[in-house]
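Okay, thanks for coming, everyone.

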Amino acid sequence: MSGRADSTLRGTIKRVYKITSEHIEPDALFEWSLKPHHGAVVTFAGTVRDHSDGRRTLRLEYEAYAEMAEAKMREVGEEIREKWGIEDVAMIHRVGTLEIGEISILISVATPHRKNAFEACSYAIDRVKQIVPVWKKEIRADGEREWVERNS
Amino acid sequence: MRIIVKCFAGCKDAVGAASVEVDLPAGTTVGEAFAELVDSYPGLASYDRSVMLAVNREYADRQSVLADGDELACIPPVSGGAESHPRR
């Protein structure tokens with residue numbers, strides 16, 4: 001899914017929950033999110049970091065239980081709607097091999113006022129990390145390859 | 001009855017396949033099915049305490065009874081999003 005393609009969704013769909021193997025641009029959801037009645041769009045981008053626990057990481061490999069992951073992201077969106085009354089929530093999670101600096105997850109929350117958007121976006125990433133079945137494998141400079149499977 | 005088992009991340013490595021089919025007696029619970037899998041694939045034993053199990057794409061408790069054709073998924077602790085969880 002490219003940012004340009006997303007812009008065609010603007011105004012037609014309220015929520016997007018997607019697992020993708022394609023590169024995610026930082027503004028992929030921004031254009032889609034912004035509507036005339038909004039005063040705030042908060043986006044969170046999780047990016048691939050070059051180190052973990054003091055060791056150098058070369059890249060990450062993400063794997064998802066895609067059908068369930070999309071359903072669980074939708075569930076997080078429903079929780080946000082119930083808690084804050086926010087309709088416009090979008091999440092894209094990348095799978096496959098990601099290089100340092102690439103976006104692994106992009107979340108966008110658009111609201112009339114900013115406070116709820118910040119709170120809901122923070123809530124969204126916390127919940128994603130709890131219930132959305134996605135895993136990453138660290139490919140390290142020392143040659144090790146290891147699934148990151150730590151209990152939250 | 002026949003169950004489809006989907007395995008992810010370290011569970012997939014332990015089983016050596018992303019998906020396997022298993023025949024189980026009617027009335028088998030989710031927990032009993034996982035125990036059967038551990039017997040067949042001993043590498044799964046280390047996941048006994050940490051794995052979450054899902055039936056037809058919804059988290060299920062181990063007492064749930066499986067039905068023919070169910071999709072049982074072995075879900076190790078998830079690590080999506082971005083930054084790692086701190087080590088405990």
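Let me start with a definition: the expected span of a helix is 1.5 Å times one less than its number of residues. And helices here are DSSP runs of H or I with at least four residues, strands are runs of E with at least two, both numbered from the N terminus. With that in hand, helix 3 of chain A has 19 residues and reaches 27 Å from its first C-alpha to its last, close to the 27 Å expected at 1.5 Å a residue.

Housekeeping before I go on. This is a predicted model, where local features need pLDDT of at least 70, side-chain atom pairs count only at pLDDT 80 or more, and totals for chains, interfaces and linings use all residues. Residues are numbered from 1 along each chain as its sequence is written, while chains are lettered from A and ligands numbered from 1 in the order in which they are written.

Back to helix 3 of chain A. Its buried residues are Met68(A), Ala69(A), Lys72(A), Met73(A), Val76(A), Gly77(A) and Ile80(A). Buried means that 20 or more other C-beta atoms, placed from the backbone, lie within 10 Å of the residue's own; exposed is 12 or fewer, and partly exposed is in between. Just after this helix, Gly85(A) takes a positive phi of about 70°.

Zooming out, chain A has 4 helices and 9 strands. In order from the N terminus, they go α-β-α-β-β-β-α-β-β-β-α-β-β. Of the 152 residues in chain A, 41% are buried.

Now, helix 4 of chain A. This one has 18 residues and reaches 26 Å from first C-alpha to last, close to the 26 Å expected at 1.5 Å a residue. Its buried residues include Ala120(A), Ala124(A), Val128(A) and Lys129(A). What covers the buried residues of helix 4? Strand 2, helix 3, strand 5 and strand 7 of chain A are included in that cover. Take Ala124(A): leaving out residues up to four places away in sequence, it touches Val76(A), Ile80(A), Val89(A), Met91(A), Ile107(A) and Val109(A). Touching, or contact, means C-beta atoms, placed from the backbone, within 7 Å.

Strand 7 of chain A is mostly covered, with 9 of its 9 residues buried. It pairs antiparallel with strand 2 over 8 bridges, and antiparallel with strand 5 over 6 bridges; pairing needs at least two DSSP bridges. Ile107(A) in strand 7 has Phe44(A) opposite, and Met91(A) also stands opposite Ile107(A).

Next, the core. A nonpolar core is a set of buried Ala, Val, Leu, Ile, Met, Phe, Trp, Tyr and Cys residues joined through C-beta atoms within 7 Å. The largest one has 65 residues, and those with the most contacts inside it are Leu106(A), Val109(A), Ala124(A) and Cys11(B). Helix 4 of chain A gives the largest share of this core, 7 residues.

So where do the chains meet? The contact takes 27 residues from chain A and 20 residues from chain B. On the chain A side, the elements that each supply at least two residues include strand 2, helix 3, strand 7 and helix 4.

Last stop, chain B. Its strand 3 and strand 5 run antiparallel, joined by 4 bridges, and Met52(B) stands opposite Ile75(B) there. Strand 3 also pairs antiparallel with strand 4 of chain B over 2 bridges. In that hairpin, with 2 residues between the strands, Asn56(B) takes a positive phi near 50°.

Definitions and conventions: Contact = placed C-beta atoms within 7 Å.
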